[in-house]
Amino acid sequence: TSAMFPLYGLQLLLMPTLAGLAATALLLLLLVVHSEWYVVNTTGVLLGAGVCVMLGVTFVPALAILFMVLAAVYDFWAVYKSKHMLDLADTMVGLRLPILLVAPQDSEYSLIEETQRAKRPVSSQPAAAPGATVKRAKKGSEAMFMGLGDIIFPGMLVLSALQWLDRSAAFQVAMFTLAGALLGYLALMTYVARGKAQAGLPLLNGGAILGYFIGGLLFLGGDIFSFNISW
């Protein structure tokens with residue numbers, strides 16, 4: 001608002017700043033001493049929400065869409081062509097960093113146990129005695145993983161629509177954008193459930209962008225295609 005323009009330098013409100021620092025210190029400690037999946041998810045969701053807000057209020061929808069298209073193209077190439085994104089994902093899972101979200105397939109799942117088991121050399125695994133039956137891995141040993149960027153890019157467009165579009169239609173278009181992203185997520189999970197790694201951004205970003213334009217056409221008409229870009 002206009003009241004914010006005369007302010008200079010870093011502006012900090014006491015209570016939100018103290019609460020943020022306390023939460024940051026607690027989550028950092030938990031990530032070091034007990035980086036279980038729910039700690040990683042909590043930190044990732046808070047981190048992703050903050051990044052969505054910062055990017056959404058910074059970039060107008062046209063720029064946000066441009067970044068989303070470029071990111072989707074890169075994600076497609078990195079997963080299906082070069083395949084280096086798959087190796088990177090395995091590394092990130094092993095580090096248990098809050099740049100991914102973990103969806104356990106069972107209540108007994110443990111991210112710590114899975115990463116420790118993956119790092120253990122094959123030769124160190126106990127050998128089965130002749131005639132013995134090898135114990136199968138327990139049921140809760142599987143999970144699905146999603147990179148944090150898969151929620152940041154669609155979230156950025158939702159916040160950008162809410163911030164920059166006409167006040168009379170901003171909320172409605174933002175909700176259509178969110179609905180499109182969720183439909184893209186539904187399609188993505190349908191493919192992932194078949195057991196194959198999938199590039200998330202083409203479906204998620206594509207759904208969000210499609211929802212943005214559909215909502216814009218319904219509530220703003222052709223003005224949704226006026227990007228107000230000057231050359």
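This is a predicted model: local features need pLDDT of at least 70, side-chain atom pairs count only at pLDDT 80 or more; totals for chains, interfaces and linings use all residues.

Trainee: How far apart are the end C-alpha atoms of helix α3?

Mentor: Helices (H or I, at least four residues) and strands (E, at least two) are DSSP runs, numbered from the N terminus. The expected span of a helix is 1.5 Å times one less than its number of residues. Helix α3 has 21 residues, 61-81, and should therefore span 30 Å; this agrees with the distance in the model, 29 Å.

Trainee: Which helices do the buried residues of α3 pack against?

Mentor: Buried means under 20% relative accessible area, exposed over 50% and partly exposed in between, with a 1.4 Å probe and protein chains only. The buried residues of α3 include I65, M68 and V79. Contact means heavy atoms within 4.5 Å, and the buried residues of α3 pack against α4 (84-95), α6 (149-164) and α8 (200-219).

Trainee: How are α3 and α4 oriented to each other?

Mentor: Axes are lines fitted to C-alpha atoms, for helices over the stretch in contact, and angles run from 0 to 180 degrees between N-to-C directions. The axes of α3 and α4 come within 5 Å and cross at roughly 85 degrees. Angles under 35 degrees count as roughly parallel, over 145 as roughly antiparallel, 65 to 115 as roughly perpendicular and the rest as oblique. The two helices, α3 and α4, are therefore roughly perpendicular.

Trainee: Which residues of α4 make the contact with α3?

Mentor: On the side of α3, the contact is made by Y74, D75, W77, A78 and V79. On the side of α4, the residues are H84, M85 and L86.

Trainee: What kind of aromatic pair do F176 and F219 form?

Mentor: Rings of Phe, Tyr and Trp (its six-membered ring) pair if their centres lie within 6.5 Å; planes under 30 degrees apart count as stacked, over 60 as edge-to-face and the rest as tilted. F176 lies in helix α7 (residues 170-192) and F219 in helix α8, 43 residues apart. Their ring centres are 5.8 Å apart and their planes are at 70 degrees, so the pair is edge-to-face.

Trainee: Is F176 buried or partly exposed?

Mentor: The relative accessibility of F176 is 31%. F176 therefore counts as partly exposed.

Note on methods:
Residues are numbered from 1 along each chain as its sequence is written. Side-chain values use heavy atoms; hydrogens and water are left out.
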